[in-house]
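Good morning, and thank you for coming. Please look at the structure on the screen while I speak.

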Amino acid sequence: MNAPHLDDEDVPAVTYDLNDDSVVVIIGSGAGGGTMADELTRRGIDVVLLEAGPRFKTSDFVNDEWAMYDLLTWKDERACTGGSPIARDYPTAPTWTCKGLGGTTLHWAAMCPRPDPYEFKVRSIYGDVEGAALEDWPVDHEEMEPFYREAESKMGVTGRHGIPHHRGNNSCRVMALGAKRMGYRDYGPNNVAINAVPRDGRNACDQIGFCMQGCRSGGKWSTFVSELPRAEATGRCEIRTRCMALRIEHDERGRVSGVLYADASGRHHLQKARVVCVAANSIETARLLLNSESSAWPDGLANGSGAVGRHYMRHVTAYMYGEFPRPVRIYRGMVVSGIIRDEARHDPARGFAGGFYMGSMGLGLPFFAAFMSPGRWGRDYASWIEAFERVGGLFVNGEDMPMASNRVTLHPGERDQYGLPIACLNLDDHPNDLAMKRHSYRCGIAILEAAGALRIFCSPPLPVSHNLGTCRMSADPDAGVVDRWGRSHEIPNLFVSDGSQFTSSLAGNPTLTIVTLAIRQAGHIARLMGRGEI
Ligand SMILES: Cc1cc2nc3c(=O)[nH]c(=O)nc-3n(C[C@H](O)[C@H](O)[C@H](O)COP(=O)(O)OP(=O)(O)OC[C@H]3O[C@@H](n4cnc5c(N)ncnc54)[C@H](O)[C@@H]3O)c2cc1C
Ligand code: SF4
């Protein structure tokens, strides 16, 4: 089977006039935007999708970590302030997202844990956590459940709905040995959106590794290989790549009316719209709304509550490596092959609210050398590089607390290539995040030791790859930006369709939930359009 791909010559030509105000304009083509394009077009709705990055070819993907980092990553400067080590280590690149058709699903590792029901009601269950701005999601797990099932099936998540698991690579086996010896019970092969057998027009994974470099075989789910080709094939989706949305316009009735964007040559165009869905990943989604201020919306579009940009979340993360007596070879096979779920629960007896997952770490030598301790050098550092063949690793992904002061604002001085203020991210760690991190280090170190590690090294956090919550869902319009459908509390035809909607971060990786919310939102938009309400 050939890998599905989206090379330029295959793209069906469909074009919409700039003055066509019957179209839904989607901004961004990643997990949220790509899914919206598929879900709306299959319901017969016409879509213009604006994507800031280029359209890659599958043959552009090579098994070289830095080459692909350079090709895929969103490298426009962002600023970072605050007490988090990320502000210290990555002051101009605090986040790790992609710029290209498919968005960060080109880069992602495809791990898809399903949240527990309690995770949607954190304010009610955790109570007051000092310094945290917790809210319950205005939707519960029961309502989300059928959409999760649809998303898991769409993405081909292993271990769900009869979709076979992968066997687990060496890195997973080392993790499982440590977990077993520690008395953990709920561990094993990860639930990933990576085919173990050919499915849904995609190949089976060939376990070469490099999942975060753009999967060349098509074994890994991305909107680049799945949703976007499907949307284009309907003849109802025009994708404009290298087109950067600069601001969203509104009319005198307070409804959004179009999107101003710059094309590859820098020329500006205004695409009229019936509905606008913003799915530019949480930093750019918030920046775009803030940059779309007007006399009617002096603090940013849809920002009557002042919540646009606030309550940014990025998960508690931790990375630990152990040197083992025999080779582990963490660079072979899928990046996140194994998972331990035992700590993903709310148990205040551990000294913090919320839970976390631990997983086996896969990494090549270039990233290992760069990220294990930025700026570090000397004999000890070199000895870890020499030991790389025998290194095994664990990562942690846990719920972090939303804080009003962790937020995206517009930089007062710095401008991007379009003359727009760059995003400035303030990032502090909540005491609950730090308590969870300390506990997770204790657990991870014990697991690696139980598996036979001779020595252990703990790494500082990487640039943030899970950006969440800058336009959060809330029942109370004063507490957030969008309602239970991701629709602006204030503007009826403006939707937020990415991880910015998250009310809380949930313990696990976010993309399954982003896709789930997009499927649910698309159905709602279709109903509202059908009734002529938008
Ligand atoms: C290395 C790495 C590993 C990851 N692994 C996992 C994992 O295992 N599991 C998991 O759940 N998640 C993982 N993630 C996170 C996952 O990729 C994101 O959660 C997901 O892609 C976010 O979807 P999105 O639609 O919000 O944004 P994106 O997928 O980032 O898409 C946003 C798109 O919008 C475009 N855009 C931005 N601004 C504009 C504008 N103004 N105009 C036009 N276009 C614009 C961007 O170019 C981009 O293509 C990982 C991320 C990274 C970086
Ligand atoms: S290991 Fe599998 S999912 Fe990862 S890049 Fe290779 S084929 Fe794709």
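I shall describe a sheet, the core around it, and a hairpin.

This is a predicted model, in which local features need pLDDT of at least 70 and side-chain atom pairs count only at pLDDT 80 or more, while totals for chains, interfaces and linings use all residues. Residues are numbered from 1 along each chain as its sequence is written, and chains are lettered from A and ligands numbered from 1 in the order in which they are written.

Let us begin with the sheet. Helices (H or I, at least four residues) and strands (E, at least two) are DSSP runs, numbered from the N terminus. Two strands pair if DSSP finds at least two bridges between them. In what order do the strands of the open sheet of five lie? The order is S5-S2-S1-S9-S17, with parallel pairing. Strand S5, residues 237-240, and S17 are the edge strands, each pairing on one side only. On average, neighbouring strands are turned by 20° against each other, direction ignored; here axes are lines fitted to C-alpha atoms, for helices over the stretch in contact, and angles run from 0 to 180 degrees between N-to-C directions.

Now consider S9, residues 275-278. Strand S1, residues 24-27, runs parallel to S9 and is joined to it by four bridges; Val24 stands opposite Val275. Strand S17, residues 494-496, also runs parallel to S9, through three bridges. There, Val276 has Leu494 as its bridge partner, and Cys277 stands opposite Phe495.

Are the side chains of S9 buried or exposed? Val275 and Cys277 point one way, Val276 and Val278 the other way, and all are buried. Buried means that 20 or more other C-beta atoms lie within 10 Å of a residue's own; exposed means 12 or fewer, and partly exposed in between, with C-beta atoms placed from the backbone.

We turn to the core. A nonpolar core is a set of buried Ala, Val, Leu, Ile, Met, Phe, Trp, Tyr and Cys residues joined through C-beta atoms within 7 Å. The largest one has 108 residues, and Val24, Ile26 and Val276 are among those with the most contacts inside it. Helix H12, residues 511-530, gives the most to this core, with seven residues. Apart from it lies another core, of 41 residues, including Val316 and Met436.

Finally, the hairpin. Strands S7 (residues 256-262) and S8 (residues 268-272) pair in the antiparallel sense over five bridges, and Ala262 has His268 as its bridge partner. Five residues lie between S7 and S8, and Gly266 in the turn has a positive phi of about 95°.
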